[in-house]
Amino acid sequence: MRVPVHNSEIADIFNEMADLLEIEGANEFRVRAYRNAARTVSSLPQSIADMVKQGEDLSELPGIGKDLAGKITQIIKKGELPQLEDLRHDMPEELIELTHLAGLGPKRVKVLYQDLGIASLKQLREAAENKKISQMPGFGSRTEEKILEAIERRGAETGESKRLKLSVAEGMALPLVKYLQKSKGVKTVDVAGSYRRKLETVGDLDILAICEKDSSAIDRFVKYEDVAEVVSKGKTRSTVILRSGMQVDLRVIPQVSYGAALHYFTGSKAHTIAIRRIGVEKGLKINEYGVFKGKKRVAGRTEKEVYKKVGLVYIEPELRENRGEIEAAQKKRLPELVTLEDIKGDLHTHTNATEGHDSIEEMANSAVERGYQYIAVTDHSKHLAITKGLDEKRLARQIEEIDRLNKKTEKIVILKGIEVDILEDGSLDLSDAILKRLDLVVGSIHHKFNLSQDKQTDRILRAMSNPYFKILAHPSGRLINEREPYEIDMQQIIKAAKDKGIALELNAQPERLDLTDIYCKMAKDIGVMVAISTDAHSRGNLEFMRYGVYQARKGWLEARDVLNTKTARELKKILARN
DNA sequence: GCCGTTTTCGGCCCGACTGTTTTCAGTCG
């Protein structure tokens, strides 16, 4: 049997089709259709191969018509797309890579290929060094220099993903915002883009500044000490590269356009395009300066105004991915997203008994300071020897210690828990006799990541059938930009969780954020609770909760979908159920 | 290539900056 085709593979094929068609000079709307379809497919919560198997009509999906539905079916059945093979045959592979160089797009790459026969980075560099490119019509010496610079920069890159984790981007954005706020004539500074949408990784920073006419913001921006290169600098817009390689755009916006600009630059692109399209239907033009009827600005001061003009209620930035939020807004059925204030406790933390830094009491005191009603101590089990994982005996002692501490204070409930290892055969690393004495058993995988999808899924399903199993921690095992998720059938696991009353963890460590937003939504739709947990290894780590909440909001979760928004009383009741 | 209570043809989001021009195309977001 053929390996099932992932949604991302289909999206890759469509994106490559779009790239190649663009170089070929195809109709730009046709190109756009492929890109739209790629986006639709990659953000689909369920496997499109499964949909085909179940005979679902793919042309029901947005941006996918009869033709592309047929192509998807073909990819799933044959593993490839003949039209793509044809295009690849006609064009050298490296042409696509050339279009990714800054300043070079499909049009210029096409000219360079047809007139100079340039089909690789090496040939491009040679042509630029020999001043061949500046002799071409439409190209000049400045363009030639920029091409060489772009090749140089590319060579310095490691080839890894340049998107930075949200938490890392935060570390760059916050000081820069503070710096800009001190500029003359600046009223407010906001970071828009994927940063504001709380995407798990951020490719660049889009900063908006509401300024008076004589503001010094742009001049000050390009002088920021962390700026390595100024890419462009105009009256209302400037782009720089920071020393870290992060690109930052600053746009200066008048107050009257604040809402329209914030909406436009927050994106996502798919969301704003969809909103504009609704605008067009209503005879409105929407751009970053406002909503216009003819030449008259009819909205733009706030985002709420912009949405209202197109007949929608306000949509939270985290939802703006064009994954159904616009339809939900039309029906006034948007979720009321969970907030940090809704969180009443943390259900996955470590202490210095294993790999944590702080004592149970210190962790509990810190939880009290955060206003929590409870905190679960869930140290590692013995299989993780490197962390001094607990065996039955040491866990029994910890249970007694927690009982003592709970008697001492009424400020917080300390839950007795464990992060028990799921062994290769799906059994748990500790005996039922000791698990039974705990309030909370959190199970997770820490070894044998590369089993086949069937085996890995079976392993987890088997572990979940243990009667004391309550939460599946970091369900995919991925580390953002570092480790791929292990192969599992998440839909099957979520359905099993529903049957057994098990919750899935959304691990809030900024490098994990595991569940993804898409699976959070799937859990919600199937009716499975999500526990947002920090997996804290120190008191300070309890702070990670906000990253988890961001991700949960991206996954449409409301307070009622999140286990640790329950009061201590409610939670104990839920955990007592078997 | 998609899409449709103004439609099955003719639209398809919109503007800034740059470099090469001398009014604009290409690129980018």
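**Aromatic rings and a lysine patch in a predicted model**

Student: Why is Y550 called buried in this predicted model?

Tutor: The relative accessibility of Y550 is 16%. Buried means under 20% relative accessible area, so Y550 counts as buried.

Student: How do you know that Y547 is buried or exposed?

Tutor: Y547 has a relative accessible area of 7%. The cut-off for buried is under 20%, and Y547 is therefore buried. F544 is buried as well.

Student: How many aromatic pairs does the rule give?

Tutor: The count comes to seven aromatic pairs.

Student: What makes F544 and Y547 a tilted pair?

Tutor: Their ring centres lie 6.4 Å apart, and rings pair if the centres are within 6.5 Å. The planes stand at 50°; under 30 degrees would count as stacked and over 60 as edge-to-face, so this pair is tilted.

Student: Why is the pair of Y547 and Y550 called edge-to-face?

Tutor: The centres of these rings are 6.0 Å apart, within the 6.5 Å limit. Their planes meet at 80°, which is over 60, and the pair is therefore edge-to-face.

Student: Where do Y547 and Y550 lie?

Tutor: Both belong to helix α23 (residues 545-554), where they are three residues apart, about one turn of the helix. Together with F544, Y547 and Y550 form one aromatic cluster.

Student: Which residues form the positive surface patch?

Tutor: The patch consists of K293, K296, K304, K308 and K309. Helix α15 (residues 303-309) supplies the largest share, three residues, while K293 is found in strand β9 (residues 290-293).

Methods
Residues are numbered from 1 along each chain as its sequence is written. Chains are lettered from A and ligands numbered from 1 in the order in which they are written. This is a predicted model: local features need pLDDT of at least 70, side-chain atom pairs count only at pLDDT 80 or more; totals for chains, interfaces and linings use all residues. Side-chain values use heavy atoms; hydrogens and water are left out. Patches are made of residues with over 30% relative accessible area and no salt bridge: like charges are joined within 9 Å, nonpolar side chains (Val, Leu, Ile, Met, Phe, Trp, Tyr) within 5 Å. Accessible areas come from the Shrake-Rupley method with a 1.4 Å probe; for residues, only the protein chains shown count as cover. A salt bridge is a side-chain nitrogen of Lys or Arg within 4 Å of a carboxyl oxygen of Asp or Glu. Lys and Arg count as positive and Asp and Glu as negative; His and the chain ends are not counted. The place of a charge is taken as NZ of Lys, CZ of Arg, CG of Asp or CD of Glu. Helices (H or I, at least four residues) and strands (E, at least two) are DSSP runs, numbered from the N terminus. Buried means under 20% relative accessible area, exposed over 50%, partly exposed in between (1.4 Å probe, protein chains only).
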